[in-house]
Amino acid sequence: MAVGDAHSRFTSDAASARHTWGPSTSTARAALDVLTSWPGAPATSCNSITTDLARVRADALLSAEDADWVAATARAPLAIAAAVSLTTLGEVPHRIFDLARSLAGETFDDALAMACGIWSVMLAETVRSGDADLRKAAALSGEPACARWTQIVDEVQASHPMDVAGGNLGLHQIQKAWSVVAFAQHTPGPQRFLRNVSVEALRYYQAEPVGALVGATLGAARGFSAIPFAWRRDLTGPTGGTADELMRSAITVAFGRDLKSDRWPNVARMDYSTWPARNTVVTHPADQGVQLGGVGALETMAPSAAVSLCRLGTAQRPASVQESDHASFWLVDSDQPADNPNLSFVLEDAANTVKLFRAEKKRVLLHCVQAQSRTPAVAALYGRLITGEPAMDQLGQVVSALPPVHILEAFARELRNRSSLPAQEDQWYHQQGPKRHVIEAISWSVAAELLRLHPDAWLEVATEGSGAHAQQFEVAFPGQGYVGFRRSGAGIIAEAGFRSSWPEAVMSGDVHGLVLGIEQAMGLVRPPEGRTLSAPARLAALAAAVVTMSYGTVQHLALAPSPRWEGDYLHGIRPTEQQVHIGVAGHHIEARDDGTIRVDSHLYALPTTRPAIQQVAQEILLALGVLSAGRHVE
């Protein structure tokens, strides 16, 4: 919930905003506190909940924050719905529905209260089964009036996420959230790519409750282990809190009060004192900056970053490691598929996290309990990332460096999949390849962010063959080289050695991660952020907004060669009078660095801030009939 909340709030020019969850998550946390602390009301039972008790709880929630948000959005009942689903996992659906409806109905009309009840049932059933089904939840609610939700669900699922029409504020948010979830569930393709698409789509709603609802649903369906570390790393609330704290609260609530003191995840230290190989420590054979070890290495080593593959207590992070540099992963030493439902992703994410820490020049400790199965598996995948050698070859070198190990068959299977061919998910995407408009969206989004963060940079035209699709463009940095976007070729390539293929760039879905990798490779230092964008940044931001919002209707997108150049060789010779040409659904959009946009015979002003540029792009696409009225940014 918090991840979707934070991503959907990322609408300003401040990149840090993407790490802060909003009032929806804060309200849900307050709801959990109220629902689990009331005397005589066990967390897993709603039998003793009366109307008076529901009213007291609702009053407590409404007084938790400033009441203005109650009138402005339907945040409160939607947050209550998420909290109720987590506190009543052991209940039958109609009791969950009744409780959520009663709590939401204290402040809002019955239509929205009923919708919150259905959403609570859907979340609880999703946690149990792993499949999100809003239509099924309506049927399980036991309320005949909920039958009309079958028609609502059918209409929403038949539409694109950006085409959902408006209406009752709270109901509209639920419908938009479900459209994003359904779009992600039923579009063919790799799981990681779809998850990223669904979260990225939230940015164009710019509606924080929608992001929280989508995040809660996808989290219920896939679990904590499906959330990339990059999204969890700096996640925080407006008044503090971390992703790990949210995880501990959720587990405590879901499993009952007996987890609040002396059991994981709330225990201060996990006791592994009887495990004989817990103090194992060796150096990774492919990287001297990575240590492989058992859990005891947390006390004997002083790394600057740690990747933990086993359960730890709240006080077991080494003093030398900052909280944001400690990555923990849910990886169970088991061959049973149910124990590691996201095994392939977790292994890969852990390996990529080691690579991320090393790119930040940190000394990394990669460990589990005894370094006998989980650690060597991830170490082999990391070795594959930095050497290009097959994972099984890297495993042989890792095993030679460690004491006797026993790699579980499930882990070995994942390594074999990455030794000859990419894993199934990667294989699909490498064979199909990302669509043209997706490549354009990633290209211009990364370029726009680089130009925003480095106002002295500029755009240049280059070619990589012949034909319109062979053109590439570059972002040039004075005295420090360039980044090339080879849109029909190898991908994103920096002069300093950074390289990301299009499948890698698109499947990562992390524009800011790509930007950070480029900056680190090129040694770029960010100057203080200004309030307005440079001319090249404005052109790139418009291109990114148009191609992303138009969903495949862009026929061509090109940076025109500059007719004039200015400057000197000492400070850099940069192009002037630049233009970006975009063909959309038979129409022509021409943006100029003088601040004008010509669309067919109409003229628009090119704003100086990113939110305003997105608004203009939306207005243009609405006027051209590319977007329907339901797709507008609220």
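How many aromatic pairs does a search of the whole structure find? The search finds 8, where rings of Phe, Tyr and Trp (its six-membered ring) pair if their centres lie within 6.5 Å, and planes under 30 degrees apart count as stacked, over 60 as edge-to-face and the rest as tilted. A pair of aromatic rings is described by the distance of the centres and the angle of the planes.

This is a predicted model, in which local features need pLDDT of at least 70 and side-chain atom pairs count only at pLDDT 80 or more, while totals for chains, interfaces and linings use all residues. Residues are numbered from 1 along each chain as its sequence is written, and side-chain values use heavy atoms, with hydrogens and water left out.

The predictor's confidence in each residue is pLDDT, on a scale from 0 to 100. Its average over the chain is 76, and 70% of the residues score at least 70. A contact here means heavy atoms within 4.5 Å. Where pLDDT is low, the predicted coordinates should not be read in detail.

The chain has 25 helices and 17 strands; these are DSSP runs numbered from the N terminus, helices being H or I with at least four residues and strands being E with at least two. Of its 634 residues, 56% count as buried. Buried means under 20% relative accessible area, exposed means over 50%, and partly exposed lies in between (1.4 Å probe, protein chains only). The accessible surface of the chain comes to about 25,700 Å², and 52% of this belongs to carbon and sulfur atoms. These areas come from the Shrake-Rupley method with a 1.4 Å probe; for residues, only the protein chains shown count as cover. Among contacts in the chain with a separation of 6 or more, residues 24 or more positions apart account for 64%.

Back to the aromatic pairs, of which the search finds 8. One of them joins Phe229 and Phe329, and is tilted, with 6.4 Å centre to centre and 50° between the planes. This pair links distant parts of the chain, 100 residues apart: Phe229 is in helix α13 (residues 229-232), and Phe329 is in the loop between β4 (326-328) and α16 (343-359). Phe229 is buried at 4% relative accessible area, and Phe329 counts as buried at 4%. Another pair, Trp264 with Trp330, is edge-to-face, at 6.0 Å centre to centre and 65° between the planes. Trp264 is in the loop between α14 (243-255) and β1 (281-284), and Trp330 is in the loop between β4 and α16, 66 residues apart. At 34% relative accessibility, Trp330 counts as partly exposed. Phe224, Trp264 and Trp330 form one aromatic cluster.

What else surrounds Phe329, leaving aside its neighbours within four places in sequence? Its contacts include Phe229, Arg232, Val307, Cys310, Asp349 and Thr353. Arg232 lies over the face of Phe329, at 5.4 Å from the ring centre; the rule for a charge over a ring is that NZ of Lys or CZ of Arg is within 6 Å of the ring centre and within 35 degrees of the ring normal. Phe329 and Asp349 are 20 residues apart in sequence, and their C-alpha atoms are 8.8 Å apart.

A disulfide is a covalent bond between the sulfur atoms of two cysteines. The rule used is a pair of cysteine sulfur atoms within 2.5 Å, and the count comes to 0. The closest cysteine sulfur to that of Cys310 is in Cys368, 6.3 Å away, which is too far for a bond. Cys310 is buried at 8% relative accessible area, and Cys116 is buried at 0%.

His284 lies in strand β1 and is buried, with a relative accessible area of 0%. Not counting residues up to four places away in sequence, His284 touches Val290, Leu292, Ala379, Tyr382, Gly383, Gln394 and Val398. His284 and Leu366 are 82 residues apart in sequence and 9.3 Å apart in space, C-alpha to C-alpha.

Two backbone angles remain. Most residues other than glycine have a negative phi, and most peptide bonds are trans. Lys361, in the loop between α16 and β5 (364-367), has a positive phi near 65° and counts as exposed at 72% relative accessibility. Asp600, in the loop between β16 (596-599) and β17 (602-605), has a positive phi of about 55° and is partly exposed at 39%.
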